[in-house]
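Please look over the chain shown here before reading the notes. They cover a pocket, a surface patch and pairs of charged side chains.

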Amino acid sequence: MKYHLTHLPRFVMLLGFILVCAPLFAQDKLPFAVTLKDSLFAGKSDQFLYNNIRLTNLEGLATDFSIRISAPEGWRLLAPGKDIKKHVDSLGATVVTIVMMKQQTSPAIWLPVKVSIGSQNKYKEYVFYVKADPINDFSVTSLTSVVQLQGTERLVKINTKVRNNGTVDGKYITTYKSNELDLRQSVPFRLHPGMDTVISHTVVLTDAQWNRLTSERIDITVADTTGTSYMDLVEVRKLQHELKDHPSKFNTFPLIIDGGFTQWGNQSTYYAGVRGDVTFDNSKLMFFYRTKQYGLGNNLERNVFGVDYMTHRWDLYAGHMGDYKYFYTYGTGGRVSFKPDSGVVFSVSGSLHNNIPGYTNDNATASAQFLAGKVQILSAVSANHDTGYNMNSFVFANEAQVIRKNNLKLLLNAGIGHDYILKGPGERDMGYAGGYSFQYNGPRVSIYSQMQYNSDDYPGIMRGLRIQSHTFTVKAGSGNIGAFYQYNRNPVTTLRDTVYNTDFLTYNYEKYGLVYNLSLHNGSVSLSGGGLQQTGIGGNTLPEYIFGEVVYQQRFGTDGGIYFSSENGYNPSYGNNNKPIFLTTTILTASYRWMGIKGYYQQQPQFDRTDTKEFLNYQQTVLAGPFVNLIVLKRIRANLFYNISKSLYDNSIYNLVGGMLSYNNRNNGFSITANATIPLESAPSQAPNGINQKYFNVILSKKFNVPIFTNQKYFTLNLLPFFDVNGNGIKDPGERLIPNLEIIINNIPFISDANGLIAYKHIDPGTYRLDFSQTKTIKGIIPATGLYQTIPVSKDITIALPFKKSSVISGVLSIKTDAISSSRLHPENIKVSATDVEGVTYSTLTDIKGNYFLNVPAGKYTVSLNPEAFTDKVKPKVMSYQTDLTKNMESKIDFEIIDKSREIKFFTPNPK
C-alpha cells in the first residue's frame, strides 16, 4: 500500500525546514571580507616583503576587529605587530600593511605567515607564504691551532666549527691534508640553515708518519657543493730531545744511480747510469755517466759521460757532446762559457766524432750574446769538418731580439756560410739565410708571423729551409676567430746528412685555412678547416686534400672530463682513376674519478711506389677499451687498461691488456716505474706495428746522500736547562739539570731528556731563537734571562740556561652541553693566554682533561680564551678574567664552555 502527500503538505514542510535551518547557516557568514596576496618571494637584494591586507566591514555598524599575525621561523615580523586592533566604520574598509623582514638564515622554502582576523568572537585564519632566494653561505672557525705530542702519543685531535649562514641545507666535506705526512682524509656532513656544529676529527699517526714528524702542518679545507671553500691549518709538533736538520755534519751531495730493462718480444735491452752534483760555497760540480743500450746489435750508441763545473761567471763542461743548432754533432768534446755581466755570455765549444757509423763530422763553435742598447744580439761562428763527405764548412749566424715586450716581440736573424769540397768534383757557392719572427698580443687582436729563407747552398742541417707561418686572430665574445697560412720546405733532413744518407723522411707542405676557438667553463672547443698540400717521397701521404679538425675538451670539476679530437682530410678526385680519398684520425677519451674509457679510429690511404703514387687501399684501425687510475698506499700509482682493436691490414682482432705501476719514496730517494703490455692472442700477426708483441719495461732509481768528510758544513747546538739556585746565572756544582722541559727553537718544539739535555744537530750556521713562552711541562719555573733568547751558531756550541721560581696561573676548562646537544667537542688542545699590563703574552694548551697551567713572572694579568674561536652556540660563560700575582704566587681560574650546537648529519648511501 502506498501513501502520497498532497502539494500543500509538501510546501508546508519545506517552509518549516527553511525557517529552522536558516539561522544555522547564517552563523557561518562572516561580517567582513579580506583580500591579500597569497605568496611573496624575496630576491637576493630584497630585505623586506610587503603584503597589503584589505579588510572590509560588511556590518551595518562600526566594528572593532582584532588581528593576530604569526611569523614563521627564520623571518621577523617588522610591522605592524603580533596583535593589533582596527576600528572600521560601517561598510567601510581599511588596509593593514604587513612587513616581513628577511633574516640571514631565512630558508629558501615556502613557509606560512598566519593572519587571524575577527570580531565578536568570530575569527577566521588566513595564510600567505614567504620564501627567500637560495643562498649558499657558511663560515669556518678553527678551534685547534697547535697540537703537541709527547712521548708515544699518536692521536692528533682537531676541532673545527662550521656554521651554515645560508638559506638552504648545506652539504660539506672537510678534508685534512698534509703532503709531508702523506695524509689525506675527508669527513662529509650537512647542516640546516642557521645551524652550526663542531667537527672533532682524530688522526692516528702511523709509524712512518710519526718518524717523519718534527713540526708539520695539516691543511684543513671545508668545501660545499658550489665549490666555495675555506682553508685553515693546524700545526702538529712532536716534542723531542734530539733532532738532525741534515743527515751528516759534513757537506753531502746527491748521488743518483739508475738503470732500466726492456723486453719486447724476444729482444732484451738494459742500461745503467749514475749522476750527481756537488754544491760548494760559490760553485757547483755536476757529472753523469750512462751506458749504451746493451743486448742488441747496437753500433749507433756509446757509453757517454759528462762533467760540468759552474760558478757565478764561468761554466766549464767536458764529455759527451750533442748539438743540432747549425750542424748535427755527436761525439766527445767540451765547452767554456763566461758571463761577465747580466745578459752577456761568451762561449766556445768543440767536439770530435766517435767511431759510430754515420757520425763523421768534427765541429768547433764560438758565440757571443750581448746587449746593444736595448737589443739582445747573439752572434756565432761554427766551423765543421766532415770526413765522410770530405768537406769543410763554416756558418756565421746572427740573431737580434729587437723588441722584447710582454705583448710585442720581434726577432731578426741573418747568416752566411760556405761548403768547401776537399776531394771529388763539385763546387758550391756562398750560402745565405735570413728571417724574422713577430708576435703581437693585443686586447682584441693577436698576430704571429714567422718567415725563414735559407738558400740551397747554406751549409748545415738547415740547408734550403723555407718556412712561413702567419696567424691572425680576433677576439669574438668568449672565443676568437682567425686565419692562418703555413709553408715548410725542408729538402735536407738530419738523418740524410748523418746516419742513413737518404731523403726518405723529406717532408714539405703548405697549409692554410680558418680557425675558431671558444672558451667554455672548464673547457674549450677548437674548429679549423682549409686546404693542405704536401710531398713526401716516403710514407703514405696524400699530396693534396681539404682538411677539417675539431678539438673539444671539458672538465667536470675535479671528478672527470672528456677529450675529443678528430683530424680529417678529403680529396674528391685523386689519381688517374679520380678516386675520392678520405683520411681521419679520431680520438675520444672520457674519465670519471679513477676510471675512464678511450676510443681511437684511424683511416690512412696506402699508395704504390710509382711516381704518380696511385691509391691501393686503406689501412684502418679501430681501438677501444676501459682504463683505471689508482693510488695505493699514497706512494704507489697504477694505471691499468684493456684494449680491443681491429686492423684491416690483416683483418684480425686483437685484445691487449697493460698498465703502468710506479712507486716513489721521497724520504729514502727510491723510485721504480714499470710498464707492460700483454697481447691475449698467441697467433703470429702480420701487422707492421708489432701489436701482438709482449712489452715490458722497468726503470729503477736510488738517491744517496754522500758526505764530503773534508768539509764540515753543519754544527750542533746543545742546551742544558738548570735550576739556578743562587741566581748567579752560572751552572754551579750541585745545581741539577731540568728534565722534560719544553723549549722551542726556531718554531720547532723540543723537550729535554731524562738527563736534562736538548741537542739540535747538524744545523746551518746562523742565529737561532729560543722561545720559552709556551713552556707547560714543568710547573712553577721560568727562564731567568727572559722568554726569548737568540744564540749565534758558527761552531759546535753548548749553552747552559738558568731557570728560577715563577708564579703560576692554573685551572680547568669544562664543557657544558644542553639536553638535546650531541656535540663531540673535547676539552683538550684549547689555547689559554695570559697577557700582562705591558702586552707580553704567555700561552698554553689544555690537556685531555681540560687542565692547564701557565708559568709567569709576578704581575697583573688578563687570562682569556680566543674569542674568534667561538660563536653564540659554542662559547665560554666568561671569556676572560683578571688576576693579580704581585702578592700571591698562584692563581686558579676555571673556564666553562656552553655548547648548544646540534648533531652532525652524516651522509649515508641510499639503499638500492
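The points below describe a predicted model, grouped by topic.

**The largest pocket**
- The largest pocket has a volume of about 1,500 Å³.
- Its lining is made of 34 residues, and T175, K177, R184, S186 and I631 are the closest to its centre.
- Strand 13 (170–178), strand 14 (183–191), strand 16 (215–224) and strand 42 (652–665) each supply at least two lining residues.
- Strand 13 gives the most, with six residues.
- Sorted by class, the lining holds 14 charged, 13 polar and seven nonpolar residues.

**A nonpolar surface patch**
- Y592, W594, M595, L630, V632, L633 and L640 form a nonpolar patch on the surface, and together they have about 690 Å² of accessible area.
- W594, one of these residues, sits in the loop between strand 38 (579–592) and strand 39 (595–607).
- W594 counts as partly exposed because its relative accessibility is 45%.

**Salt bridges**
- Side chains of opposite charge can pair when their charged atoms come close.
- The whole structure has 17 salt bridges.
- One of them joins K761 and E242, at 3.5 Å from N to O.
- K761 lies in strand 48 and E242 in strand 18, so this pair ties together parts that are 519 residues apart in sequence.
- R275 forms a salt bridge with D258, with the closest N and O atoms 3.6 Å apart.
- R275 is in strand 20 and D258 in strand 19, so the parts tied together here are 17 residues apart in sequence.
- D258 is buried, at 18% relative accessible area, whereas R275 is partly exposed, at 39%.
- D419, R428 and R463 are linked in a network of salt bridges.

Definitions and conventions: Residues are numbered from 1 along each chain as its sequence is written. This is a predicted model: local features need pLDDT of at least 70, side-chain atom pairs count only at pLDDT 80 or more; totals for chains, interfaces and linings use all residues. Side-chain values use heavy atoms; hydrogens and water are left out. On a 1 Å grid over the protein atoms alone, a cavity is a set of points where a 1.4 Å probe fits but cannot get out, and a pocket is an open set with protein on both sides within 12 Å along at least five of seven lines; lining residues have an atom within 4 Å of a point. Grid points are joined across faces, edges and corners, and a volume is the space filled by probe spheres set on the points. Helices (H or I, at least four residues) and strands (E, at least two) are DSSP runs, numbered from the N terminus. Ala, Val, Leu, Ile, Met, Phe, Trp, Tyr, Cys and Pro count as nonpolar, Asp, Glu, Lys and Arg as charged, and the others, Gly among them, as polar. Patches are made of residues with over 30% relative accessible area and no salt bridge: like charges are joined within 9 Å, nonpolar side chains (Val, Leu, Ile, Met, Phe, Trp, Tyr) within 5 Å. Accessible areas come from the Shrake-Rupley method with a 1.4 Å probe; for residues, only the protein chains shown count as cover. A salt bridge is a side-chain nitrogen of Lys or Arg within 4 Å of a carboxyl oxygen of Asp or Glu. Buried means under 20% relative accessible area, exposed over 50%, partly exposed in between (1.4 Å probe, protein chains only).
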